[in-house]
Amino acid sequence: MAGQDIPQEYLDGYAHILAAASSTGRRLTRDELASRRVLGERAAEAGLGLRALIGAHLAATRAHWPAERALSVDSALAAAEQAVDAFAEGYERAQRLAVRQEEAARREFIDDLLYGRSDLGLLAERAERFGLRLSFEHAVAVAEGPNGYEEGHAVPRKVERALIGRFGDRSILLTTKDGRLVCIAPGDQDEVLAFFAKHAYAATDGGRVAIGRPQPGPGGVVQSYEEALNALDLAERLELDDPVLHAADLLVYPVLTRDRQAMADLVLNTLGPLERARGGAQPLIDTLAAYFDSGCVAAEAARRLALSVRALTYRLERIHKLTGANPSDPVHRYTLQTAVIGARLLDWPSKRFWGHGRPDLSPAAESRSPGSGP
């Protein structure tokens with residue numbers, strides 16, 4: 001019999017309500033409907049399936065069919081319909097509440113996980129509920145597009161369906177944070193994050209994806225996440241074109257900026273004289289950047305800048321005259337290229353330095369710097 005495994009307590013009072021309502025053809029009273037909703041909520045909280053519960057009600061209707069006292073078949077069916085509808089309403093209400101509570105708990109866990117704000121031991125215990133075992137290594141990939149994305153948005157749902165369809169349940173957590181897509185996967189499963197990067201790039205209409213290095217332990221997730229964020233920040237500052245960035249390939253840049261004061265001095269001492277040029281330093285810095293990015297091939301650099309080779313050569317000569325460093329000289333080239341990278345990272349010359357060539361290293365400026373936390 002359908003619903004035979006449903007405890008009788010979830011049908012409590014149903015036979016009496018069916019008999020009382022069908023005998024007069026009346027609608028169920030407010031109290032009767034409320035009692036059905038309460039039982040529906042309890043059944044949902046107990047984890048019983050709605051299909052089996054409906055089957056149990058239909059079986060009870062047949063077992064307690066009030067044929068002799070019913071005014072008509074319609075009145076009996078109407079009473080059963082109202083009772084089952086109220087029961088299902090309570091069940092669905094409890095389900096929605098449970099989903100909201102689960103979403104809130106998941107969001108709180110993700111915030112604590114990515115910001116490292118919780119006790120690591122407790123965080124590891126909570127992680128198991130969401131399929132993560134934080135005692136192992138994990139790596140994090142972060143994707144950003146032209147628009148921000150929240151939980152439930154079509155883009156993260158599309159990427160999540162692709163991941164589940166390809167890998168199933170592999171201790172993968174896909175979420176959103178600050179408008180970006182975030183994928184957390186075991187550190188020894190590079191193919192998962194590569195697959196995520198491919199589909200996130202397509203789903204975000206050509207966005208950019210950064211992948212942090214695998215890091216061990218409960219605090220490894222936030223470290224890998226911060227590496228991915230810093231990679232995205234570096235890509236924007238350095239105008240990198242790669243759609244997928246690996247933090248491991250960009251380690252030289254945090255090294256260069258670890259001593260920000262030394263880098264600021266290098267930038268100012270090496271490139272500061274360019275500010276005396278007509279039009280300021282920026283056009284000449286852009287010229288150096290294009291020249292170095294093109295492998296010091298003048299024709300390619302001129303093409304990137306939409307200049308003639310002659311105009312480019314003139315600019316390089318002007319740089320040599322102002323700075324005393326020759327971009328075509330291998331000895332000078334390293335200093336100039338490092339200074340250009342530093343200028344990009346420190347946002348110079350658009351961010352002015354103050355007094356004696358010192359940069360603005362206030363807390364607000366530091367919080368925007370590469371290598372700083374989210």
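Trainee: Where does tryptophan 65 lie?
Mentor: Tryptophan 65 sits in the loop between helix H3 (50-63) and helix H4 (73-115). Helices (H or I, at least four residues) and strands (E, at least two) are DSSP runs, numbered from the N terminus. The model is predicted: local features need pLDDT of at least 70, side-chain atom pairs count only at pLDDT 80 or more, and totals for chains, interfaces and linings use all residues. Residues are numbered from 1 along each chain as its sequence is written, and side-chain values use heavy atoms, with hydrogens and water left out.

Trainee: Is tryptophan 65 buried or exposed, or partly exposed?
Mentor: Partly exposed, with a relative accessible area of 32%. Buried means under 20% relative accessible area, exposed over 50%, partly exposed in between (1.4 Å probe, protein chains only).

Trainee: How do H3 and H4 pack?
Mentor: Their angle is about 160°, and their axes are 11 Å apart. That makes H3 roughly antiparallel to H4. Axes are lines fitted to C-alpha atoms, for helices over the stretch in contact, and angles run from 0 to 180 degrees between N-to-C directions. Angles under 35 degrees count as roughly parallel, over 145 as roughly antiparallel, 65 to 115 as roughly perpendicular and the rest as oblique.

Trainee: New topic. How many salt bridges does the structure hold?
Mentor: There are 13. A salt bridge is a side-chain nitrogen of Lys or Arg within 4 Å of a carboxyl oxygen of Asp or Glu.

Trainee: What does glutamate 144 form a salt bridge with?
Mentor: With arginine 180, and the closest N and O atoms are 3.2 Å apart. This pair links distant parts of the chain: glutamate 144 is in strand S1, arginine 180 is in strand S3 (residues 180-186), and they are 36 residues apart. Glutamate 144 is partly exposed at 22%. Arginine 180 is also partly exposed, at 24%.

Trainee: And which side chain meets arginine 303?
Mentor: Glutamate 300, in a salt bridge of 2.6 Å, N to O. Arginine 303 and glutamate 300 are three residues apart in helix H12 (residues 298-305), so about one helical turn separates them. Arginine 303 counts as exposed at 57% relative accessibility, whereas glutamate 300 is partly exposed at 24%.

Trainee: Last one. Where is asparagine 147 found?
Mentor: In the loop between strand S1 (138-144) and helix H6 (154-167). Asparagine 147 is partly exposed, at 49% relative accessibility. Asparagine 147 and glycine 207 are 60 residues apart in sequence and 9.3 Å apart in space, C-alpha to C-alpha.
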